[in-house]
Amino acid sequence: MTSDKTSHTKTATYLADIRERVGRIVVGQDVVVERTLIALLTSGHLLLEGMPGLAKTLLVNTISKALHLDFRRVQFTIDLLPSDILGTEILDEKSGEFRTHQGPIFTNLLLTDEINRAAPKVQGALLESMQERKVTLGAETFSLPTPFLVIATQNPIEQSGTFELPEAQLDRFMLCHRLGYPKPEEEEEILRRNLKLGVEKKGEGAVARTEFDLVTDNAVGTPQDLVDAMEATHEIHVSEVLLKHVVDIVERTRNHPDLEMGCSPRAGISLLKASRARALIQGRNYAIPEDIFALAEDVCLHRIRLSYEALAEGKTPQAVLQKILNDSIS
Amino acid sequence: MMKALLFFLISSLCSFSQTKAPLGLPETLEEIYIPGPKVEVIPRTNNDSPLVIRILKIKPAENGFRYDLEIYALDPGTHRISEFLHYATDRSPVQSLDATFEVTTTHPLDTLPKPSDPEPVELEKLGGYKNLIIVLGIFWLLIFLAIIFYRKKYGTDLVVEKPLPTLHEKLQVLVSVASQGEINDQQQANLERLILGHWKEQIPEIDSLTPARALVELRSHPEASPLILKLEEWLHAPNTKLSREEFLPLLSPYVEK
């Protein structure tokens with residue numbers, strides 16, 4: 001019992017250190033850091049919706065360095081091919097044999113910028129690999145590295161020339177977090193830090209330093225610490241009463257008159273798994289309703305679809321979901 | 001003398017002339033001399049008349065008139081024109097005209113199609129709906145009155161809906177079940193949600209927040225947090241040392257209210 005408690009405290013400290021490390025470089029994105037850790041601890045995937053310039057790439061880069069994980073970034077465009085992500089077989093002229101070239105998906109943290117800009121076949125190839133955690137190139141099947149986490153981004157404004165992810169594909173993302181602009185005081189801090197960056201001399205020239213230059217390779221803990229944290233997540237206690245809460249919310253989304261499509265069973269599973277991870281991050285060994293309600297929007301909102309009547313009445317999915325959550329506690 | 005002879009010859013020629021016409025087509029006979037006063041066509045009284053004659057023009061002549069006639073033949077055969085005319089003055093038959101009109105057919109007579117006699121058909125009712133409307137009106141009124149009286153008799157059960165229990169009422173029911181020690185998992189979940197909802201309503205600055213934010217605030221609120229944290233421990237914590245007996249007194253304020 002004491003050993004369990006010590007291990008639990010150690011894991012909580014490890015996760016707090018990661019958040020602190022990221023907070024040194026990225027200002028005011030504490031919730032996104034938490035969501036990224038939740039996705040990482042539960043082997044889920046994360047979709048971020050937000051405007052450009054909200055430090056998404058910096059955030060993921062910082063987290064990967066803090067966790068000592070491999071990180072790659074792919075900018076999705078209309079002319080991207082599945083082989084550009086997954087890899088392909090190349091003919092080696094010297095040996096006359098095909099050589100496998102693994103694509104950027106073979107990494108721990110994959111940031112796919114503007115996932116909705118790529119053609120559906122590319123989206124499909126990526127999302128299949130996300131689900132199966134395997135990639136087949138030619139006749140050979142390769143397992144993806146562990147841990148494997150995809151963080152995809154979407155720009156909610158520019159819709160021309162994009163391919164909206166269908167509900168079935170969206171369902172594969174455990175969480176979809178909507179990034180907001182930083183608060184005024186956070187924005188001030190961003191500017192203050194940026195002013196102090198200075199210039200880095202390189203050879204005879206110099207270049208203005210960016211926030212990326214602050215990211216160090218010093219990891220927080222070891223890869224084993226991450227494995228321990230993942231194991232600890234699965235040991236977080238979930239009561240029967242909490243299961244009832246999850247089922248209640250999922251059921252309400254399915255029966256609500258303003259919703260054409262409610263949450264899938266996968267949404268319930270994701271909500272529960274994410275609640276466990278959040279409880280661990282918050283330093284508890286059991287999940288509570290607060291975890292469910294805090295994560296409900298990120299887990300459920302991208303999985304529900306408004307009815308035509310509700311759309312005609314000018315309702316938003318966010319407002320309907322908040323109404324459902326409000327109704328569940330009244 | 002010569003004039004009289006010429007007149008006799010012409011009239012004789014006209015009297016004995018025979019004209020042919022195919023069945024159904026009109027034929028015009030001109031300059032038909034009929035001595036005596038003016039003649040007119042005998043009106044047809046039925047559909048059996050084999051010829052239909054129209055007088056196109058009447059020209060005065062010595063001791064009589066010359067007529068231009070148009071004849072429609074309806075029945076094949078040879079017909080005397082005089083049978084269809086009479087004098088206008090006394091309606092006496094015209095005897096002095098021997099002219100005949102032959103109606104010819106291309107096909108043999110016995111092969112000609114005869115129009116069948118239309119059978120009289122009784123028309124649908126075109127009027128007399130007044131009685132029907134009165135009967136239907138009475139019938140409708142009886143049903144209407146029956147509905148009104150039925151609703152008056154049993155209406156109280158149908159119209160008055162039971163008001164939905166308020167949050168407080170629902171809470172009281174569950175608290176009393178909990179105090180009796182018979183509360184199941186579903187009821188425990190409902191109890192927790194209702195307590196959270198109750199406190200959210202009680203504190204206006206929290207009530208305006210989203211449920212997610214409200215729960216965070218409630219856990220640190222000086223009034224709400226003691227109960228909510230204990231409730232969390234009782235319902236969710238593994239191997240909790242908090243017994244039901246220790247927790248239930250915290251719910252007593254909800255029963256008394």
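Buried means under 20% relative accessible area, exposed means over 50%, and partly exposed lies in between. The views below come from a predicted model.

**View 1. Arg91(B) and Glu40(B) form a salt bridge in chain B.** The closest N and O atoms are 3.2 Å apart. Glu40(B) has 27% relative accessibility, so the residue counts as partly exposed. Arg91(B) reaches 54% and therefore counts as exposed. Arg91(B) sits in the loop between strand 7 (85-87) and strand 8 (100-104) of chain B. Glu40(B) belongs to strand 3 (residues 39-41) of chain B, so the pair ties together parts 51 residues apart in sequence.

**View 2. Arg284(A) and Asp291(A) meet in a salt bridge.** The N to O distance is 2.8 Å. Arg284(A) is buried, with a relative accessible area of 10%. Asp291(A) is buried too, at 0% relative accessibility. Side chains of opposite charge can pair when their charged atoms come close.

**View 3. Glu34(A) and Arg19(A) join helix 2 of chain A to helix 1 of chain A.** Their side chains meet in a salt bridge at 3.9 Å, N to O. Glu34(A) is in helix 2 (residues 30-41), and Arg19(A) is in helix 1 (residues 2-25). The two residues are 15 apart in the chain. Both Glu34(A) and Arg19(A) are buried.

**View 4. A network of salt bridges includes residues of chain A and chain B.** From chain A, the members are Arg19(A), Asp30(A), Glu34(A), Arg35(A), Arg278(A), Arg284(A), Glu290(A), Asp291(A) and Asp298(A). Arg219(B) and Glu232(B) belong to the network as well. Over all chains, the structure holds 37 salt bridges.

**View 5. Ile38(A) is a buried residue of helix 2 of chain A.** Its relative accessibility is 0%, so Ile38(A) counts as buried. What does Ile38(A) contact, leaving aside its neighbours within four places in sequence? The partners are Leu175(A), Ala274(A), Ala277(A), Arg278(A), Ile281(A) and Leu295(A). Arg278(A) is also a member of the salt-bridge network. The C-alpha atoms of Ile38(A) and Arg276(A) are separated by 8.6 Å, although the residues are 238 apart along the chain.

**View 6. Helix 9 of chain A crosses helix 10 of chain A at roughly 145°.** The axes come within 10 Å. Helix 9 spans residues 240-255, and helix 10 spans residues 265-281. The crossing is right-handed. Helix 9 contributes Leu242(A), Leu243(A), Val246(A), Val250(A) and Arg254(A) to the contact. Helix 10 contributes Pro265(A), Gly268(A), Leu271(A) and Leu272(A). By class, the contact has seven nonpolar residues, one polar and one charged. An α-helix has 3.6 residues a turn, so residues three or four places apart point the same way.

**View 7. Helix 3 of chain A is mostly covered.** Ten of its eleven residues, in the run 56-66, are buried. Among them are Lys56(A), Leu58(A), Val60(A), Asn61(A), Ile63(A) and Ala66(A). Just after the helix, His68(A) takes a positive phi of about 60°.

**View 8. Chain A has 13 helices and 13 strands.** Of its 330 residues, 51% count as buried. Chain A exposes about 15,800 Å², and carbon and sulfur atoms supply 52% of that area. Among contacts between residues at least 6 apart in sequence, 77% join residues at least 24 apart.

Notes
Residues are numbered from 1 along each chain as its sequence is written. Chains are lettered from A and ligands numbered from 1 in the order in which they are written. This is a predicted model: local features need pLDDT of at least 70, side-chain atom pairs count only at pLDDT 80 or more; totals for chains, interfaces and linings use all residues. Side-chain values use heavy atoms; hydrogens and water are left out. Axes are lines fitted to C-alpha atoms, for helices over the stretch in contact, and angles run from 0 to 180 degrees between N-to-C directions. Helices (H or I, at least four residues) and strands (E, at least two) are DSSP runs, numbered from the N terminus. A crossing is left-handed if the near helix is turned anticlockwise from the far one by less than a right angle, and right-handed if clockwise. Contact means heavy atoms within 4.5 Å. Ala, Val, Leu, Ile, Met, Phe, Trp, Tyr, Cys and Pro count as nonpolar, Asp, Glu, Lys and Arg as charged, and the others, Gly among them, as polar. Buried means under 20% relative accessible area, exposed over 50%, partly exposed in between (1.4 Å probe, protein chains only). Accessible areas come from the Shrake-Rupley method with a 1.4 Å probe; for residues, only the protein chains shown count as cover. A salt bridge is a side-chain nitrogen of Lys or Arg within 4 Å of a carboxyl oxygen of Asp or Glu.
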